[in-house]
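My entries follow in the order in which I made them.

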Amino acid sequence: MIRLFVAIPIPHEQRQRLKSLCNGVREARWTNEENFHLTLRFIGEVEEPELDNVSAALSMVRSEPFEMTLSGVGHFESRKRVRSLWAGVMPCLPLTVLQERIESVLSRNGLPPDGRKFSPHITLGRMKQGSPEYVRDWLEGNGVFRAPPFVVESFTLFESYRAQTSAIYTPLNEIPLVPQKVNEEIL
Ligand code: 2AM
């Protein structure tokens, strides 16, 4: 089995900005800078022969390059415990459209739909413990975060391998976003 997800990698300059947010919460396990990404679709475990189908399906996605701006921070919690700290994205319609196109080609190729609402974020750190109160200062202190805009020119199918200390993400297929000709059929 192979564990897959589809994401937008973050350029170097923006990674540096994100890294500057990764401090000030003692219990957080911060993400390695080279692992920063914005997940478009978590696929999960598939049989290895299925990989080619998934990869080919993603290569069918047609979308235009677009500009994206990382902005703000937030957290996810479950059972009143903070699970992760993240940076957000300014509202970005082309990002939503791209995510919907990816969802659509994958479901047409037999993958079960991802029932969760798309909530674009870049995970900065994970936590096992900590009440929301515990991260309040971090959230307030970094609420004004904003990185310079960048142009998203591709998205990538990654394999995720869970090593002992951190995840190893291996790019398997980078799919370019190409300006559309007026008459080109859009998936
Ligand atoms: P997260 O950063 O919010 O945890 C690789 O694991 C990527 O897939 C991560 O960005 C992770 O999002 C995302 N993902 C979404 N659903 C997941 C799940 N059920 N298990 C693991 N990762 C998931």
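Predicted model: local features only at pLDDT ≥ 70, side-chain atom pairs only at ≥ 80, totals over all residues.

**Entry 1, Glu48.** I looked up what Glu48 touches and found Met1 and Ile2, leaving out residues up to four places away in sequence; contact here means heavy atoms within 4.5 Å. Glu48 and Ile2 are 46 residues apart in sequence, yet their C-alpha atoms are 6.0 Å apart in space. I place Glu48 in the loop between β3 and α2, where helices (H or I, at least four residues) and strands (E, at least two) are DSSP runs numbered from the N terminus. Glu48 counts as exposed because its relative accessible area is 51%; the scale is buried under 20%, exposed over 50% and partly exposed in between, with a 1.4 Å probe and protein chains only.

Residues are numbered from 1 along each chain as its sequence is written, and side-chain values use heavy atoms, with hydrogens and water left out.

Which residues of α2 are buried? In this helix, residues 50-59, I find Leu51, Val54, Ser55, Ala57 and Leu58 buried. They lie on the same side of α2 because they cover an arc of only 160° around the axis, the arc being that of the directions from the helix axis to the C-beta atoms. The cover over these buried residues includes β1 (2-9), β3 (37-46), α3 (93-108), β9 (154-162) and β10 (167-176).

I then turned to Asn173, which is found in strand β10 and counts as buried because its relative accessibility is 17%. The side chain of Asn173 makes a polar contact with the side chain of Ser55, at 2.8 Å; a polar contact is a pair of N or O atoms within 3.5 Å, and within protein one must be able to donate a hydrogen and the other to accept it, while residues adjacent in sequence count only if both atoms are side-chain atoms. Leaving out residues up to four places away in sequence, Asn173 touches Ser55, Ser59, Phe155, Thr156 and Leu157.

For pairing I took two strands as paired if DSSP finds at least two bridges between them. β1 and β9 run antiparallel and are joined by four bridges, with Phe5 opposite Phe158 in β9. β9 also pairs with β10 in the antiparallel sense, over nine bridges, and these two strands form a hairpin with four residues between them; Tyr161 stands opposite Ile168 in β10. Elsewhere I traced an open sheet of four strands with antiparallel pairing, in the order β2-β7-β6-β5.  Its edge strands, each pairing on one side only, are β2 (29-30) and β5 (70-78).

Which residues surround the ligand? I list Arg3, Phe5, His37, Thr39, Phe42, Arg116, His121, Thr123, Arg126 and Tyr169, taking a residue as near if one of its heavy atoms lies within 4 Å. A polar side-chain atom of Thr123 lies 2.4 Å from an oxygen atom of the ligand, and a polar side-chain atom of Arg116 lies 3.0 Å from a ligand nitrogen atom. For Arg126, an N or O atom in the side chain is 2.9 Å from an oxygen atom of the ligand. The protein covers 72% of the 460 Å² of accessible area that the ligand has on its own, by the Shrake-Rupley method with a 1.4 Å probe.
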